[in-house]
Amino acid sequence: QILRTYDPGYMNTCCCVSRISYIDGDKGILRYRGYPIEQIAERATFEETAFLLLHGELPTDSQLKEFNRSLMKHCHVHEDVKKFISSFRHDAHPMAMFAATMAVNGSLYPSSNPSIAGQDVYKDKAVRNEQILRILGQAPVIGALIHRHRSGQTINGPDESLGYTENFFNMMDKKGEVAYRPNPKLVHALDVLFILHQEHELNCSTAATRHLASSGVDVYTAIAGAIGALYGPRHGGANEAVVRMLETIGSKEEVPKFIESVKKGEKKLMGFGHRVYKNYDPRAKLIRRLADEVFDVVGREPLVEVAMELERVALSDEYFVKRKLYPNVDFYSGLIYKALGFPTDFFPILFVIPRITGWLSHWNEFLDDPDNKIVRPFQVYKGSGLRNFPSGDLKY
Ligand code: CMC
C-alpha cells in the first residue's frame, strides 16, 4: 500500500529539480543561477538578467545584442489584441485585462499550439524560443496598452532605440505629462525593481506555470494562469494591498491601533511574512534603499513615514518576532510605484512583467526535464459514504 503524506499548501513537498534560483530563507539569501541578487541588481540590466535566467549563463556582448534585437522584433502585438484591449471597461482591473489578453494571444499563434499543431511541437527549441521572445517582448507593450486604454489615451508604440524598461516607461508616457517621463534615474530604479521581481523559484504563480504546462497546454494559456495566481493579495497583489492598507491607516499615530488589530487576527499586515524567508527578504532590503533614490527625484512619498513606523513597531513586537515575520518584497515597492505616478491597481502589473522571465525559464526547464509528469496531487476524502439518490420521477 502506498503511504501518502497530507501536506496542505505544500509546506514540505519538493516537486521538481531546478537550477534557476536558490533561496536560503533562514539567512535571507537569494541567487539567480548562482549569482547573489545584490550583485545582479548593482551590475546587470533587465535584459542581461533575463538572458541569464533563461539560458543559465550571462550573455556575451554579441549574444546580448542579438537578444535585445530579437526582443524588439517580437514585441509588436497583433491588431486583434489591441482591439480586444480597447473593448474593456475603463475601470476594469489591469490584472484581469492582462490575464485575458495573454490567453487571447494563445489563439493567435496556432502553429505553435500543441493542441492544434501537435503535441510534440515544443520539442523544437526554435519554436519554444520564439514563444519566449514573443511573450517577453510583448509583456511591456500589453501593460502599456492596458494603461493607456484605461486612461483614455491613444497607443504609444515601442521605440526600437530604447532598452526594455525605458521603452516601457516611454510607452506609458503621454508627452507633456510629468508622470511617466523616462528620467534616467527613474528608469534605472524601475530596471532594478524589475530585476528583483524576475524570478523566485516555486512561488505560487511559478508553480502554477509548471502545473499548467504539465497538461501540455500552450504557453500563452499557462502564462495567463500564472497571471491569475499572481493577482491574489497573498502573492503579487500584495503591493497594491500594502498601499491601500497604508492609506487606510493614514498616519504614524494610528499604527499601534492597527498592529493590535493584526495581533487579534482581524487583519493581516500586508507586505509582511513569507513562506520561505524567516529573515529579512533580501529584495526588500534593496528596495528600501532604492526608495530614497526615487524620492530624491520625485519627492518623498508621505506614506513612507507610516510604513517605517509599521516596520519599527512590528519588528520589536513579540507576535511578529515569534512568527519570524519580516517585510517582504511588496512592503516598500508599492510606495515607489506610487511615487512614480503609477495608479495603485496597476502595481501588480509591474510584478507580472518582470516575473514572466521566471515563468518562462521554469516552463523551459520543465519541458527539458526527463522526469516531467502531469501534476496531479491526491486528496484525503472526508465526504459522505455511499448513499442512494432519492427515488422519484426519472428526468430523461
Ligand atoms: N500579518 C499577520 N500575521 C501573519 C502574516 C501577516 N502578514 N503572515 C503570517 N502571519 C501569521 C499567521 O497568521 C500564522 O500565525 P499562527 O501561527 O498564529 O496561525 C503565522 O504567521 C504563520 O503564517 P502562515 O499563514 O502559516 O504562513 P504562510 O507561509 O502560509 O503564508 C504569506 C505566507 C506570504 C501568504 C503570509 O505571510 C501573508 O499572507 N502575508 C501577507 C501578504 C503578503 O505580503 N504577500 C506577499 C508575499 S511575498 C511576494 C510574493 O510572493 O508575491
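Strands, like helices, are taken as DSSP runs and numbered from the N terminus, a strand being a run of E with at least two residues. By that numbering, Tyr-10 lies in the segment before β1. The model is a predicted one.

**Sheet.** The open sheet has three strands, ordered β1-β2-β3, with antiparallel pairing. At its edges are β1 (21–24) and β3 (35–36), each of which pairs on one side only. Four bridges join β1 to strand β2 (residues 29–32) in the antiparallel sense. Arg-31 in β2 is the bridge partner of Tyr-22.

Arg-234 sits in the loop between α11 (219–231) and α12 (238–249). Its relative accessibility is 87%, so Arg-234 counts as exposed, the cut-off being over 50%.

**Positive phi.** Lys-324 also has a positive phi, though it is not a glycine. Tyr-10 is likewise a residue other than glycine with a positive phi. The values are set out below.

| Residue | Phi | Relative accessibility |
|---|---|---|
| Tyr-10 | near 50° | 48%, partly exposed |

Methods:
Residues numbered from 1 in each chain as written. Predicted model: local features only at pLDDT ≥ 70, side-chain atom pairs only at ≥ 80, totals over all residues. Heavy atoms only, no water. Pairing = 2+ DSSP bridges. Buried < 20%, exposed > 50% of the residue type's maximum accessible area, 1.4 Å probe, protein only.
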